[in-house]
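Here's a friendly walk through one protein chain, residue by residue in places and as a whole in others. Have a look at the sequence and the model first, then read on.

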Amino acid sequence: VGQSLPYATPPQITVTARNGTANGLTNAITRNYAGAYMKLSNAIGTSLNQAPYDSQDGRYARFDVLGGALTPGLNTLALPATSADPVIGAFTEGVGTLTFASGLAMLRSTTVPSAPFDADIALSLNIVDTDGVAYAANPARFGDTSAGNGMAFSSGKLMRFGRLRVDNAVGSDKLDLQMGLRIEYWTGSAFAVNSLDSCTTLIAKNFSLANHQPGLVGAGAGANMLSPTAGSDGNVAMGGAFVAGIASVTILKPNPAATAPGSVDVCLDLDVSPGTGDATCQAAVPADKRWLQMLRTNPPGTHTQDPVGRAAFGLYGSQPKNFIYFRENF
């Protein structure tokens with residue numbers, strides 16, 4: 001929920017001008033309906049751009065499958081203005097096309113996660129030219145706002161409210177440290193791993209390191225625990241896609257070695273561009289996956305925060321401090 005829904009095949013209407021059946025006409029194609037004689041227009045208040053379809057919110061609708069207005073609404077802000085959409089193709093021999101642009105998404109609440117739902121979305125438009133000649137079956141429509149009858153999705157219509165977590169990790173300061181990453185979704189009562197996600201990818205430069213603690217700061221040991229920059233991956237290694245909602249990021253060991261235990265906060269910047277969004281997490285290359293942001297602090301926080309985990313080096317990495325908890329049976 002919140003991720004853009006680009007069209008694999010853009011909705012396209014084929015328009016054929018015909019001469020009708022009055023006065024002995026045979027409804028043949030009006031082949032001169034081309035060039036200056038083609039009278040379709042996107043101009044505001046005319047032709048294709050009249051109420052109730054003179055806004056993108058008026059053209060697109062969704063079925064409230066969860067009921068009670070609990071189904072996320074549609075976000076049309078990334079669509080072009082109706083004065084430029086649909087694209088009116090050149091007419092040849094009385095036949096032309098109207099092609100609609102991508103940019104649709106489901107609205108993602110920043111406060112209340114939505115339960116999983118199937119998205120049934122419809123697109124409607126009255127076809128009428130500036131001479132007042134109209135399609136008899138207006139509105140022309142793709143899909144319907146009823147269960148199972150919306151526009152087709154290439155991989156199913158299931159929509160989930162997601163978040164991405166960075167797990168804490170503890171290890172030796174002599175070894176690289178692997179931290180778990182999990183993509184989760186709201187089931188309606190709790191967050192669970194989204195095993196359907198095997199496509200999300202990240203790069204090292206999406207991460208930022210901050211809040212270095214003793215042992216990993218200063219000019220001495222561990223001083224190069226650096227965040228990735230535009231020209232370097234610093235002390236972070238990341239590669240490959242998530243598999244069934246699970247992945248990992250590796251924080252390279254302190255080099256030179258740490259002289260005392262220490263930790264560093266590992267943040268994943270999911271904002272759209274550098275310097276935007278969550279000011280507490282600023283990476284060299286934001287991942288532009290805001291639909292996976294989370295509520296990191298207690299309410300009244302919102303689901304607009306980047307995930308953070310803590311990597312601790314040297315706390316339990318060598319004898320005799322290798323046990324966090326040890327139970328003896330007698």
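## Starting at T229

Let's begin with T229, which sits in the loop between β15 (207–210) and β16 (236–237). The strand and helix names used here are DSSP runs, numbered from the N terminus: helices are H or I with at least four residues, strands are E with at least two. T229 is partly exposed, its relative accessible area being 42%. On this scale buried means under 20% relative accessible area, exposed means over 50%, and partly exposed is in between (1.4 Å probe, protein chains only).

What does T229 touch, once residues up to four places away in sequence are set aside? The answer is K205 and A284, where a contact means heavy atoms within 4.5 Å. T229 and V285 are 56 residues apart in sequence, and their C-alpha atoms are 8.0 Å apart in space.

## Where the numbers come from

This is a predicted model, so local features need pLDDT of at least 70 and side-chain atom pairs count only at pLDDT 80 or more, while totals for chains, interfaces and linings use all residues. Residues are numbered from 1 along each chain as its sequence is written, and side-chain values use heavy atoms, with hydrogens and water left out.

## The chain as a whole

Along the principal axes, the C-alpha atoms fill a box of roughly 100 × 50 × 30 Å.

Of the 330 residues, 39% are buried. Take the contacts with a separation of 6 or more: 67% of them are between residues 24 or more positions apart. The accessible surface is about 16,900 Å², and carbon and sulfur atoms own 54% of that; the areas come from the Shrake-Rupley method with a 1.4 Å probe, and for residues only the protein chains shown count as cover.

Beyond its neighbours within four places in sequence, L79 is in contact with Q56, Y60, A101, S102, G103 and L104. L79 and P113 are 34 residues apart along the chain, and 24 Å separates their C-alpha atoms.

A311 belongs to strand β19 (residues 308–313), and its relative accessibility of 0% makes it buried as well. Leaving out residues up to four places away in sequence, A311 touches A169, L177, M179, I251, G262, S263, V264 and V266. From A311 to A36 is 275 residues along the chain and 68 Å between C-alpha atoms.

## Aromatic pairs

Rings of Phe, Tyr and Trp (its six-membered ring) pair if their centres lie within 6.5 Å; planes under 30 degrees apart count as stacked, over 60 as edge-to-face and the rest as tilted. By that rule there are three aromatic pairs. One of them is Y33 with F91, an edge-to-face pair at 5.7 Å centre to centre and 65° between the planes. This pair links distant parts of the chain: Y33 is in the loop between β1 (12–16) and α1 (56–59), and F91 is 58 residues away in the loop between β4 (87–88) and β5 (95–99). Are Y33 and F91 buried or exposed? Both are buried.

W186 and F191 make an edge-to-face pair too, with 5.0 Å centre to centre and 65° between the planes.

A cis peptide bond joins A51 and P52, with omega about 5°, and P52 is in the loop between β1 and α1. Another cis bond joins N138 and P139, with omega about 0°; P139 is in the loop between β8 (121–125) and β9 (140–142).

Which way does phi go at A69, a residue other than glycine? Phi is positive there, near 60°. A69 lies in the loop between β2 (60–62) and β3 (74–75) and counts as exposed at 61% relative accessibility. E93 isn't a glycine either, yet its phi is positive at about 55°. E93 is in the loop between β4 and β5 and is partly exposed, with a relative accessible area of 44%.
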